[in-house]
Amino acid sequence: MANTPLVGIVMGSDSDWPVMSACAKTFKQFGIPYEAKVLSAHRTPDAALDYAAGAQARGMKVLIGAAGGAAHLAGVLAAKTELPVLAVPMPSKHLQGLDSLLAMVQMPGGIPVATFAIGEAGAVNAALFTVAMLALSDADLAKKLSEFRASQTAKVLSKTLPDIE
């Protein structure tokens, strides 16, 4: 049971993996089992809908949808599950991901999708937000998150700037 994925990382294309691998690495760091899939809102809509509809029954706690361009994937997932759905806009060639960001944050009222920053920072923060949600009911995970945050603070406070000559 410990290896049952708690989080589904779903990408619209395998070209999103270089960005979303940062999300997966964060889950590994915290010991959170996840699965990563390529499912497209436009090219495999039935498979994306089926995945979202069955996620909770399979033990999932959170879905993360990453997509570029029209970026409908997170919204499609959210339409078929009551699980929290987080969205990560992918950088794009022509609009640098702004199109994806705008598409994701314009979900109609009633079907929430929490949207994060474009690219790798968004992927990491979606993972950390997931960690924080899961830590609400997992004391060991809460301790790991607290230690992580403390280490971030220590790294910043340990930095020194050179003197001006």
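The side chain of Arg43 reaches the backbone oxygen of Gly12 at 2.9 Å, a polar contact, meaning a pair of N or O atoms within 3.5 Å in which one must be able to donate a hydrogen and the other to accept it. This is a predicted model, in which local features need pLDDT of at least 70 and side-chain atom pairs count only at pLDDT 80 or more, while totals for chains use all residues. Residues are numbered from 1 along each chain, and side-chain values use heavy atoms, without hydrogens and water.

**Arg43**
- Arg43 lies in the loop between β2 (34-38) and α2 (45-55); helices (H or I, at least four residues) and strands (E, at least two) are DSSP runs, numbered from the N terminus.
- Arg43 is exposed, with a relative accessible area of 63%, where exposed means over 50% and buried under 20%, with a 1.4 Å probe.
- Apart from neighbours within four places in sequence, Arg43 is in contact with Gly12 and Ser13, contact being heavy atoms within 4.5 Å.
- Arg43 and Ala132 are 89 residues apart in sequence, and their C-alpha atoms are 33 Å apart in space.

**The chain**
- The chain has six helices and five strands, in the order β-α-β-α-β-α-β-α-β-α-α.
- Buried residues make up 40% of the 165 residues.
- Of the contacts between residues at least 6 apart in sequence, 67% join residues at least 24 apart.
- The C-alpha atoms fill a box of roughly 60 × 45 × 30 Å along the principal axes.
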